[in-house]
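Here are my notes for you, in numbered points. Keep the structure open while you read and look up each element as it comes.

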Amino acid sequence: MKRLLLFLCLAVTASPLCAANVLFIGDSHSVGPFGWKLDELIRSTPDIKVGSYASCGSVFQWWETGRETPCGYFFRDTAGVTSKGVKTATPIFDDLMAEVRPALVVVELGANYAGYASDEPAVNDMKKLVKKISDSGAACFWITKPDSRKGKDDIPRILSMTRQAALPYCGYFDSTKVTSYPAEGGDGIHYWFPAGKPIADAWAESAYAAMKPLLDKIASGK
């Protein structure tokens, strides 16, 4: 069956469901330890290839306009070529879909919608992403923002907006259930400091465990 699937993939390269490929996009949390660890875990899955792209400060609109991130990026393509830095254009989502041709899209976005004055434009922006994934035929797994010390009062609203946009099409992982931001240290948001890294690693491991059945399914070609 796998040999037949491989033959079909080579013969019909336009299909996003041919290869057991994963596209992972995220914001600042994925620029740091969480994203590095999740990329490593997905990449270690047998028969899976992943392209990971994270743009600090991003909402989905940035992935359509190519808006420059001012605060960091982490890109690692399916061949494992990595680039990191502070400022660069956010990749265009449609270009990534064409390049990676994923059977699964993993999304870690949501935190940066806190600044939206009303819920509707934020939900609609996320829904636009979900529709693009759905229209491609790929599966979707959405990872929410984690716990934070700064902006903690915004968390219920962000989770509500994310849930409205992601469900029922995407798998939904509530990161706040597996994270607890330290009472001291860091910037109050990111886990980019010594006490935060073990929490970020454990968060990535929990998210990976939750998406593993999807990864196994696409790897098997069923």
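1. Let's start with a word you'll need throughout: a residue is buried at under 20% relative accessible area, exposed at over 50%, and partly exposed in between, using a 1.4 Å probe and protein chains only. This is a predicted model, where local features need pLDDT of at least 70 and side-chain atom pairs count only at pLDDT 80 or more, while totals for chains, interfaces and linings use all residues. Residues are numbered from 1 along each chain as its sequence is written, and side-chain values use heavy atoms, leaving out hydrogens and water.

2. Now the sheet. Helices (H or I, at least four residues) and strands (E, at least two) are DSSP runs numbered from the N terminus, and two strands pair if DSSP finds at least two bridges between them. Here seven strands make an open sheet with mixed pairing, in the order β5-β4-β2-β1-β7-β8-β9. β5 (82-85) and β9 (171-173) are the edge strands, each pairing on one side only. From one strand to the next, the twist averages 15 degrees; axes are lines fitted to C-alpha atoms (for helices, over the stretch in contact), and angles run from 0 to 180 degrees between N-to-C directions.

3. Have a look at strand β2 (residues 49-55): six of its seven residues are buried, so the rest of the structure largely encloses it. β2 runs parallel to β1 (residues 21-26), with six bridges joining them, and leucine 23 sits opposite glycine 51 in β2. β2 also pairs with β4 (residues 73-76), this time in the antiparallel sense over four bridges. There, tyrosine 53 stands opposite phenylalanine 75 of β4.

4. β1 has another parallel partner: five bridges join it to β7 (residues 104-108). Isoleucine 25 faces valine 107 of β7 in that pairing. Helix α5 (residues 93-100) lies across β1, β2 and β7, at about 160 degrees to β1.

5. Helix α7 (residues 155-166) packs on the sheet too, touching β8 (139-143) and β9 (contact means heavy atoms within 4.5 Å), and its direction makes about 165 degrees with that of β9. Which residues of α7 are buried? They are Ile155, Ile158, Leu159, Met161, Thr162, Ala165 and Ala166. These cover an arc of only 165 degrees around the axis, so they lie on the same side of α7; the arc is that of the directions from the helix axis to the C-beta atoms. What covers them includes α6 (119-136), β8 and β9.

6. Finally, salt bridges: a side-chain nitrogen of Lys or Arg within 4 Å of a carboxyl oxygen of Asp or Glu. The whole structure has 12 of them. In one, aspartate 39 pairs with arginine 76, the closest N and O atoms being 2.7 Å apart. This pair links distant parts of the chain, helix α3 (residues 33-43) and strand β4, 37 residues apart. Are these two buried or exposed? Both aspartate 39 and arginine 76 are buried.

7. Compare that with aspartate 147 and lysine 152, whose closest N and O atoms are 2.5 Å apart in their salt bridge. Aspartate 147 is buried because its relative accessible area is 10%, while lysine 152, at 44%, counts as partly exposed. Elsewhere, salt bridges that share partners join Glu64, Asp94, Lys128 and Lys132 into one network.
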